[in-house]
Amino acid sequence: MTAKVIDGKAFAAGLREQIKLQTAAMIAQGITPGLAVVLVGEDPASQVYVRSKEKQTRETGMNSFAHRLSAEAPQAELLALIEQLNNDPAVNGILVQLPLPAHMDEAAVINAIRPEKDVDGFHILNVGRLATGQKAMVPCTPLGCLMLLRDLLGDLSGKSAVVIGRSNIVGKPMAQLLLRDSATVTIAHSRTRNLPELCRQADIVVAAVGRPNFVQGDWIKPGAAVVDVGINRTDDGLVGDVDFAAASQIAGAITPVPGGVGPMTIACLLASTLTATARANGLPDPEGLTP
Ligand code: NAD
C-alpha cells in the first residue's frame, strides 16, 4: 500500500486565499486586522520564521507591526512593549517569538499578553479555555494538524489517536483538540513504555518529538493517518520525526516534511488573527478558521 501524501502546502495556500477574502470583507467594513510580531535577539531560525510571518500577514491584506528588541533587553522592556500593544486598538494579535533569551521568564511574558490578543494560544487562560471546551485562542501548529485531519477523515469521533510528545506548544494542545473532536487520545512521551505497540493500534498518529525518523514504518497500523510535526535539520536536509519512506508504504495518508504541517502553522496564525479581530469587534467567528 502506498499512502496518500497530504499536501499541506496546497492546503495552506487555499486557507490563505480564504483568509484574504475574509480580510478584504472586514476591511470593507472599516476594520483592518493587525498582527504585532515581537522578536527578542538574533536567533537565525527565529529571524526566518518572523520574516515569513510578517510577509504572509501583509500578503493577506492585514497590518503587520514588527518589533525588535536586543538579546540583552531587560524583561521589563519587553513587558512594557506588550502592555503598549495590549492597549493599541490597531493590534488584534500579539505574537512573541519563542524561545526568549535565558534571562527572561517565558511564562511571565506570555501571560502578560491580553488573552484575546494571544494568537499563539499559549496564555494560561487560553490553555484553560481549550481544556474546558470554552472559546479559546488555539495554538497554530496543532490547529493546522487538526484541519488536515478533518479534511482527510471527516468526523474524528471514536478514532484512536496517539500523540507523541507532550510539549505545551504542540503535544498537549493537539491532544486537547483531538479529544474535543471525540477521538480516544493517548499522549506518549519520553517515559512511555511500548510506544510501537501503542502506535500500532492507532488510527491517527501525530509525531511531535524532534528526533529525525524516530517513528518506524512497522509502528504504523495499515491505513492509519500519520501527521509528522517534526522539523529536524540533518546532513540529508530537513526531515521529520517519521521514517517517511517506510511509513508511507503502510499508512493510508501521511504528511511529508517539508511541505506538510510546516506551511499550515503560519496560515493558522493568520486565521487566528482574523478570529481575534472578529471577536474584538463583536462579529461572529470567521467561517472554517476555528476548531
Ligand atoms: P519539545 O522538545 O518541547 O517536546 C518533545 C516531546 O517529545 C517531549 O514532550 C518529549 O517527552 C517527547 N519525547 C522525547 N523523546 C521521546 C521518546 N524517546 N519517545 C517518546 N516521546 C519522546 O518539542 P516541540 O516544541 O513539541 O516540537 C517537536 C517537534 O516539532 C520539533 O521537531 C519541532 O521543531 C517541531 N515543530 C514544528 C512546528 C511546525 O510548524 N511544523 C511547530 C512547532 C514544533
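This report looks at the ligand site, a helix pair and some backbone details of a predicted model.

## About the model

Local features need pLDDT of at least 70, side-chain atom pairs count only at pLDDT 80 or more, and totals for chains, interfaces and linings use all residues. Numbering starts from 1 along each chain as its sequence is written, and side-chain values use heavy atoms, with hydrogens and water left out.

## Around the ligand

Let's start with the ligand. Its shell holds 21 residues, the closest being Arg 166, Ser 167, His 189, Ile 231 and Thr 265; a residue belongs here if one of its heavy atoms lies within 4 Å of the ligand. The shell is made up of 9 nonpolar, 10 polar and 2 charged residues. Here Ala, Val, Leu, Ile, Met, Phe, Trp, Tyr, Cys and Pro count as nonpolar, Asp, Glu, Lys and Arg as charged, and the others, Gly among them, as polar.

A backbone N or O atom of Arg 166 is 2.8 Å from a ligand oxygen atom. A polar backbone atom of His 189 lies 3.4 Å from a nitrogen atom of the ligand, and a side-chain N or O atom of Arg 211 lies 3.1 Å from a ligand nitrogen atom. On its own the ligand has 860 Å² of accessible area, and the protein covers 72% of it (Shrake-Rupley method, 1.4 Å probe).

## Two helices side by side

Helices are DSSP runs of H or I with at least four residues, strands are E runs of at least two, and both are numbered from the N terminus. The axes of helix 1 (residues 8-28) and helix 10 (residues 262-280) come within 9 Å and cross at roughly 20 degrees. Helix 1 is therefore roughly parallel to helix 10, a term for angles under 35 degrees, on a scale from 0 to 180 degrees between N-to-C directions of lines fitted to C-alpha atoms over the stretch in contact.

## Backbone details

Most residues other than glycine have a negative phi, and most peptide bonds are trans. Leu 98 and Pro 99 are joined by a cis peptide bond, with omega about 0 degrees; Pro 99 sits in the loop between strand 4 (93-96) and helix 4 (106-110). Another cis peptide bond links Val 257 and Pro 258, and Pro 258 is in the loop between strand 11 (253-254) and helix 10.

How values were computed: A polar contact is a pair of N or O atoms within 3.5 Å; within protein, one must be able to donate a hydrogen and the other to accept it, and residues adjacent in sequence count only if both atoms are side-chain atoms. Angles under 35 degrees count as roughly parallel, over 145 as roughly antiparallel, 65 to 115 as roughly perpendicular and the rest as oblique.
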